[in-house]
Amino acid sequence: MTSVCACSWVWPYLCVCTRRGLRAASAGQGRKPGLVEWVAQVGSQYIRATMTVSSLVQLRLVWCCWTLPRWQMNVHKRPLAVWTSATAQWTLKQKKPAELYRIPVSRPPILSGTSLLGKGALSTTSISPKEVMLTSERYGVQRLPFSHVSDSDLTFFEHLIPGRVITDPDELRPFNVDWLQSVRGCSKMLLRPRTAAEVSEILRYCNKRKLAVNPQGGNTGLVGGSVPVFDEIIISTALMNQVISFNSVSGILVCQAGCILENLNQYLEELDFIMPLDLGAKGSCHIGGNVATNAGGLRLLRYGSLRGTVLGLEVVLADGSILNCLASLRKDNTGYDLKQLFIGSEGTLGVITAVSILCPRKPKSVNLVFLGCQSFSQVLGTFTTCKGMLGEILSAYEFMDDKCMKLVENHLKLSKPVTGSPFYILIETSGSNSAHDEEKLNNFLEHVMASGLVTDGTVATEDKKIKMLWSLRERITEALTHDGCVYKYDLSLPVERLYDLVIDTRARLGKTAKNVVGYGHLGDGNLHLNITAESYSHSLLNAIEPFVYEWTAQYNGSISAEHGLGFKKKHYIQYSKPQEAVLLMQQVKAMLDSKGILNPYKTLPASY
């Protein structure tokens with residue numbers, strides 16, 4: 001009783017002192033503590049020693065939620081601050097950068113060539129010692145009646161692009177295997193054109209000879225669309241890596257298709273702009289491949305999809321014709337918008353050789369918040385609150401379940417700043433006024449903590465720490481590849497149903513799967529469902545498919561949110577598109593590529 005009475009009269013004073021003390025401590029930067037700080041320290045110890053458990057819960061909400069977000073925002077030059085529910089206080093944990101962020105060990109390495117910013121242009125997949133099974137054997141695919149590459153074909157290409165024809169089997173091996181090492185072709189030739197005119201000559205010749213081709217960018221696709229199925233000639237865009245123009249008034253960039261996304265972003269940042277998309281594979285993927293697959297990524301919530309930001313394309317058709325729709329206009333309402341045919345077509349209708357894209361200004365203020373939630377309903381509640389309170393500065397909202405984080409910790413040795421939650425959220429804000437953005441973020445954090453939607457969290461405002469936190473989300477795909485054979489599903493669903501599929505799949509597969517995890521872009525309803533096993537199993541695949549697609553269709557979702565259909569998903573398109581739509585797509589394909597030489601066996605089921 002005495003302790004309760006004592007707390008009743010010291011409580012208001014201690015709350016004020018702790019609030020003032022922490023602010024003073026963060027502003028003092030090393031000076032000796034004064035009376036207020038001393039009272040705050042003693043008071044906090046006294047309260048923890050005398051208050052009941054229920055009162056401690058109140059303390060956490062009042063003290064930490066109303067004071068510490070603001071305090072945390074002022075210590076961005078210090079070690080990363082972490083709010084831990086175990087002690088009901090914010091603590092500073094010094095972590096070495098390597099503990100939170102390392103360069104991905106399995107990022108496709110650079111081979112040769114010259115890219116936009118001096119990096120290598122040709123990238124390839126890191127291959128493990130074990131040989132990947134041929135796609136044709138694993139999936140029982142029959143080769144279509146295309147011609148085989150002859151000596152005369154080799155002579156023609158070597159004369160057309162001397163020194164840029166690869167036929168050595170060892171050099172070709174990485175270009176025949178996808179990044180996941182799940183599909184493998186047996187191409188005997190790779191061509192490296194530098195211009196649209198060279199691509200035109202290549203396709204004109206291949207169309208005449210009925211030689212199948214496989215356009216390839218950074219080879220970071222996840223559905224088997226970027227590598228041959230049989231012996232298709234690989235046309236690499238890696239040497240087509242030049243910026244053609246940039247207008248600093250309109251923010252419109254025109255560049256060749258082989259420019260690496262990260263290089264473009266670095267180029268633009270020097271001019272105070274950024275690319276409108278951001279992907280975990282940005283260090284290897286090409287902008288042409290991004291457009292060809294209509295890649296979504298981390299910034300879609302803020303800047304929209306490539307169907308809106310891409311203003312024009314230069315495309316080489318199957319017969320060698322160059323379609324120049326490389327417009328640099330925000331508005332052009334003259335006839336059909338032909339570029340939309342090629343965005344998301346996965347190289348089956350034409351080879352994209354140049355892109356015109358609208359780029360936003362580089363934000364002057366960026367904040368990243370890593371939060372823990374005790375249930376998926378709290379993840380949804382936080383998202384609803386986030387949209388209402390952060391509004392125009394909200395640029396990303398990502399979620400990950402705890403199993404994802406454990407894989408990142410176990411396989412990549414990265415450490416998450418908060419622990420003990422079944423779900424984690426990454427929220428990014430970006431704007432033009434740091435004081436305005438921090439004020440809005442503080443109010444949001446105070447609200448979600450006080451309401452119990454969030455239990456733990458940390459805030460980063462420094463670029464280095466922001467990258468550390470983003471690596472926890474961006475490298476989940478890499479961690480999964482270290483866990484065994486990966487079955488990947490990229491789905492659009494109503495946000496309230498997003499995690500139900502993970503739960504149902506986990507229950508269905510039981511112990512036949514090693515891990516079933518869920519993460520993704522909750523801001524735009526995109527779930528990445530991943531299942532791992534020790535090795536490939538056809539029986540496990542049959543247990544997953546078509547169950548996942550039927551479940552998705554039941555809730556009017558899409559079986560491919562951003563990865564495309566490629567080779568692996570093409571036979572399931574009917575779960576997202578009516579028969580009439582598929583038939584019309586096949587007719588468009590037949591019209592633009594009558595001999596079917598462009599990326600065969602991909603995107604669409606065969607027409608009969």
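Helices (H or I, at least four residues) and strands (E, at least two) are DSSP runs, numbered from the N terminus. By that count, this protein has 22 helices and 18 strands. What you're looking at is a predicted model, where local features need pLDDT of at least 70 and side-chain atom pairs count only at pLDDT 80 or more, while totals for chains, interfaces and linings use all residues. Residues are numbered from 1 along each chain as its sequence is written, and side-chain values use heavy atoms, with hydrogens and water left out.

**Confidence and overall picture**

- The average pLDDT (the predictor's confidence in each residue, from 0 to 100) is 83 for the protein, and 78% of the residues score at least 70.
- Watch out for residues 1-115, where the pLDDT is below 50; this stretch has 200 contacts in the model beyond near neighbours in sequence. A contact here means heavy atoms within 4.5 Å.
- Residues 117-129 also have a pLDDT below 50, with 54 contacts beyond near neighbours in sequence.
- Of the 608 residues in the protein, 56% are buried. Buried means under 20% relative accessible area, exposed means over 50%, and partly exposed is in between (1.4 Å probe, protein chains only).
- If you take the contacts with a separation of 6 or more, 75% of them come from residues 24 or more positions apart.

- Strands pair if DSSP finds at least two bridges between them. Strand 3 and strand 4 (residues 190-191) have two bridges and pair in the antiparallel sense.
- Within that pair, valine 165 sits opposite leucine 191 in strand 4.

**Strand 14, covered up**

- Nine of the nine residues of strand 14 (residues 423-431) are buried, so the rest of the structure largely encloses it.
- Phe423, Ile425, Ile427, Thr429 and Gly431 point one way from strand 14, while Tyr424, Leu426, Glu428 and Ser430 point the other way.
- Strand 12 (residues 365-373) pairs with strand 14 in the antiparallel sense over nine bridges, and cysteine 373 stands opposite phenylalanine 423.
- Strand 13 (residues 394-401) also runs antiparallel to strand 14, joined by seven bridges. In this pairing, glutamate 398 stands opposite leucine 426.

**Two helices to look at**

- In helix 21 (residues 547-554), the buried residues include Phe547, Tyr549 and Trp551. Their cover includes strand 16 (485-492), helix 19 (500-509), strand 18 (526-533) and helix 20 (538-544).
- Just after helix 21 comes asparagine 556, with a positive phi of about 55 degrees.
- Helix 22 (residues 579-592) has buried residues Val582, Gln586 and Lys589. They cover an arc of only 60 degrees around the axis, which puts them on the same side of helix 22; the arc is that of the directions from the helix axis to the C-beta atoms.
- Over on the other side of helix 22, Glu580, Leu584 and Met591 are exposed.
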